[in-house]
Amino acid sequence: MRHQVNLRQIEAFKAVIERGTVSAAADALFVSQPAVSKLIANLEEDCDLKLFERVRGKLAPTQHGMRLYAEIDRVFAGLRQVEHAIESIHRDDQKQLTVGVLQALSGSFISEVARSFLKVHPDVYVTIHTRDSPILADWLSTQQIDVALISSIVDHPFIERDTLIEHPLMCVLPTAHHLCIKQEIDVTDLNDEDFVGFIQSESTATRQRVDAIFDQSGVRPRIVVQAATAPTVMEAVAAGLGVTLVHPLFADGVKDRVALRHFNPKLPFGFQLCRNRSSHNVQLVNDFIREAKRVADETSQELLARY
């Protein structure tokens with residue numbers, strides 16, 4: 001018989017997932033390891049779900065566990081938004097801009113955009129949230145964020161969108177790869193080649209396009225590594241594990257450790273820079289979008305000038 005769960009159980013569960021071990025979760029919650037283990041056991045009993053399996057002495061989340069964590073993370077994200085709102089009220093002498101960005105562009109690119117924006121508005125408090133496209137689109141439609149940089153097409157009557165740096169996917173290779181001698185990589189060149197790809201999900205637009213062109217061409221690369229984020233994919237390529245196909249901006253963080261080549265056939269890919277029509281931060285949003293476009297153009301030109 002299921003019972004009502006409590007917040008302390010949820011906090012322990014979330015901490016174990018995010019910290020990786022019971023001991024790390026206990027440290028984060030300032031309680032003992034047995035206390036965390038008991039909270040997890042009680043949560044599983046109250047939920048009537050097996051949330052963890054013990055693998056080589058460690059707790060590994062089950063499929064049910066990860067589904068529950070996704071929902072809990074969504075709830076806690078809402079709570080964090082409330083905290084940000086409270087902080088904003090206390091700091092009413094300072095303007096605020098809340099930005100959502102894909103994980104793929106959450107590194108050097110968005111940092112440079114923020115740096116450039118803050119030169120124009122040094123008194124503005126910028127908050128950056130990193131999430132998948134569907135979540136960011138939902139937050140934008142409900143005005144939880146002011147502007148979002150996403151990869152999917154948003155069809156919503158209250159959201160305006162503008163394509164940012166559309167460019168065909170490029171082939172990224174380890175610098176010592178034998179295909180680097182070619183100026184353009186054909187899809188057939190990748191047959192039986194070690195390939196680093198994205199984990200399949202509804203929000204992985206790059207994976208969907210790459211799978212489609214491989215299927216159409218009858219090409220079968222050897223998938224050696226799959227990752228959920230662009231930085232991880234890029235690091236795997238830089239380490240020599242295989243090649244990949246991505247938007248050139250994804251390679252910005254490893255540009256000196258990989259080789260980029262044009263790819264045939266062309267697979268156009270662009271990001272959507274979105275805003276809510278009812279945003280109360282109109283001038284700040286306009287200025288942020290202007291700086292995002294400028295930084296994107298400069299970064300793309302720098303990357304592509306080499307090839």
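These questions and answers set values from a predicted model against the cut-offs behind each term.

The model is predicted, so local features need pLDDT of at least 70, side-chain atom pairs count only at pLDDT 80 or more, and totals for chains, interfaces and linings use all residues. Residues are numbered from 1 along each chain as its sequence is written, and side-chain values use heavy atoms, with hydrogens and water left out.

Q: Why is Phe117 called buried?
A: Buried means under 20% relative accessible area, exposed means over 50%, and partly exposed lies in between (1.4 Å probe, protein chains only). Phe117 has a relative accessible area of 0%, so Phe117 is buried. Phe288, at 4%, is buried too.

Q: Why is the pair of Phe117 and Phe288 called edge-to-face?
A: Rings of Phe, Tyr and Trp (its six-membered ring) pair if their centres lie within 6.5 Å; planes under 30 degrees apart count as stacked, over 60 as edge-to-face and the rest as tilted. The structure holds six such aromatic pairs. For Phe117 and Phe288 the figures are 5.7 Å centre to centre and 70° between the planes, which is edge-to-face.

Q: What makes the pair of Phe117 and Phe288 a tie between parts apart in sequence?
A: Phe117 lies in helix 5 (residues 108–120) and Phe288 in helix 9, so the pair ties together parts that are 171 residues apart in sequence. Helices (H or I, at least four residues) and strands (E, at least two) are DSSP runs, numbered from the N terminus.

Q: Why is the pair of Phe195 and Phe214 called edge-to-face?
A: The ring centres are 5.4 Å apart and the planes stand at 80°, so the pair is edge-to-face. Phe195 lies in strand 9 and Phe214 in helix 7 (residues 205–217), so parts 19 residues apart in sequence are tied together. Phe195 is buried at 4% relative accessible area. Phe214 counts as buried at 6%.

Q: What makes a set of residues a nonpolar core, by definition?
A: The set must be buried Ala, Val, Leu, Ile, Met, Phe, Trp, Tyr and Cys residues joined through side-chain atoms within 4.5 Å. The largest here has 62 residues, and Phe109, Leu190, Phe214 and Phe271 have the most contacts inside it. Helix 9 (residues 282–304) gives the most to this core, with seven residues. A second, separate core of 20 residues includes Ala12, Ala25, Leu51 and Phe52.

Q: What makes strand 5 and strand 13 a pair?
A: Two strands pair if DSSP finds at least two bridges between them. Strand 5 (residues 147–150) and strand 13 have four, in the antiparallel sense. One of the partners in strand 13 is Gln272, bridged to Ile150. Strand 6 (residues 159–168) also pairs with strand 13 in the antiparallel sense, over eight bridges. There, Ile159 has Asn276 as its bridge partner.

Q: How do you know that strand 13 is mostly covered?
A: Eight of the nine residues in strand 13 (residues 268–276) are buried.
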